[in-house]
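Thanks for coming, everyone. Please bring up the structure, and I will walk you through it.

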Amino acid sequence: MAVEAEKWVHMVTAQTPTNIAVIKYWGKRDETLILPVNDSISVTLDPDHLCTTTTVAVSPSFDRDRMWLNGKEISLSGGRFQSCLREVRSRASDVEDEENGIKIAKKDWEKLHLHIASYNNFPTAAGLASSAAGLACLVFSLAKLMNVKEDQSKLSAIARQGSGSACRSLYGGFVKWIMGKDEDGRDSLAVQLADEKHWDDLVIIIAVVSSRQKETSSTSGMRETVETSLLLKHRAKEIVPKRILKMEEAIKNRDFTSFAQLTCADSNQFHAVCLDTTPPIFYMNDTSHRIISIVEKWNRSEGTPQVAYTFDAGPNAVMIAHDRKAATLLLQRLLFYFPPNSDTDLNNYILGDKSILQDAGLEGIKDVEGLPPPPEIKDGIPSQKYKGDVSYFICTRPGRGPVVLSNKKQALLNPENGLPK
């Protein structure tokens, strides 16, 4: 290390999106390496609305590895963090920061300690894939800090060892996680099927039904399913391989009808597998079921699907509309059934891309209260409303992969001492 003064701090800040699986990953064939029982496909969400920002710093003055998540220090002793740190460190190269006169030799990375600060702009552990974005961002930012020469696909195999679905957050657009065959997991990695511009008509609305932590974590839920569900074995062997091929084709051809049918069917089968687990796992709740019913009724009344829905391991609904007009009509329906509490500002109830409110002709609560019942409701049947059952909605779209943030103001650590700002 060339700089004599042991005070220097070398930092990188990166931003990584979250993703939502449209063909689900559920079940591992290897718990340690996080190798799945089937391939999966996801859509990366726009990081302007859902992302993790991570700053990683290295300094000879740090006496141990430390990490802060959303401002609170957390332990780095977990096996998954350690796997990611070990794998990235082993691939580190020489680093030279000429501007600040810092030189780090490849061999020095084993001795140097790291500070990591991470911030999610959405609820953690509530079924919005926060661990996927978080671990992808950790691996991506560490790889930039340590001048790792591997491509995104190779990095995805490292991120996978932190959180399975994290491997899919190393790309934007539409991403496939190939389950692989090798026992060491080297061929279990993510590839991009198409970038976010390939199908930019799609609009995504997320109903955050609950931002509470879930009762059964994905890790323990998967383990119990693998041990007890016969349906999972059938799903992984017979159903998913065919669905993967059909979904790749639907994405390539921008065939929304097939895309929607496959997405809804796979989400429902994933939750059926959870119910087939002993003891059964309930990730969806009554509000989740009502949202499915609203979308199904509307799609049927139109004759062709307008919207796809999918639920991960939690009650939050991710709805993918085939274009802006369908998304506007969807939002009107959702707000008709799930209006905000009277004292809620509409701007705090619809997050992300708020311009959709203008498209829907909604400026305030009065406009929401004046929404007519959707035409697919049979005349004469009074429709029940469920005020307060949805915490808020996020309007977003398919988005780009990870990026390094060069603006120093966006760093989460102080450049002087490497501690959180």
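**Where two domains meet**

Across the interface of domain 1 and domain 2, the rule finds 3 salt bridges. A salt bridge here is a side-chain nitrogen of Lys or Arg within 4 Å of a carboxyl oxygen of Asp or Glu. Elsewhere in the list of pairs to look up, Glu 31 and Arg 223 join their side chains in a salt bridge, at 3.4 Å from N to O.

A word on the source. This is a predicted model: local features need pLDDT of at least 70, side-chain atom pairs count only at pLDDT 80 or more, and totals for chains, interfaces and linings use all residues. Residues are numbered from 1 along each chain as its sequence is written, and side-chain values use heavy atoms, leaving out hydrogens and water.

Now the domains. Domain 1 covers 3–196 + 405–410, and domain 2 covers 203–396. Those bounds come from an automatic or database domain assignment. The C-alpha centres of the two domains lie 29 Å apart.

How many residues of domain 1 are in contact with domain 2? The count is 31, and they touch 46 residues of domain 2. Contact means heavy atoms within 4.5 Å. Together the domains bury about 3,100 Å², 71% of it on carbon and sulfur atoms. Buried area is the accessible area (1.4 Å probe) that two parts lose on being put together, summed over both. Ile 23, Lys 24 and Trp 26 supply 26% of what domain 1 buries against domain 2, more than any other three residues.

Next, a helix. Helices (H or I, at least four residues) and strands (E, at least two) are DSSP runs, numbered from the N terminus. Leu 155 and Ile 158 are among the buried ones. Their cover includes α1 (79–89), α2 (130–145) and β13.

Last, the backbone. Most residues other than glycine have a negative phi, and most peptide bonds are trans. Thr 278 and Pro 279 are joined by a cis peptide bond, with omega about -10°. Pro 279 sits in the loop between α6 (256–275) and α7 (286–302). Asn 147 has a positive phi of about 55°. Asn 147 lies in the loop between α2 and α3, and at 28% relative accessibility counts as partly exposed.

Note on methods: Buried means under 20% relative accessible area, exposed over 50%, partly exposed in between (1.4 Å probe, protein chains only).
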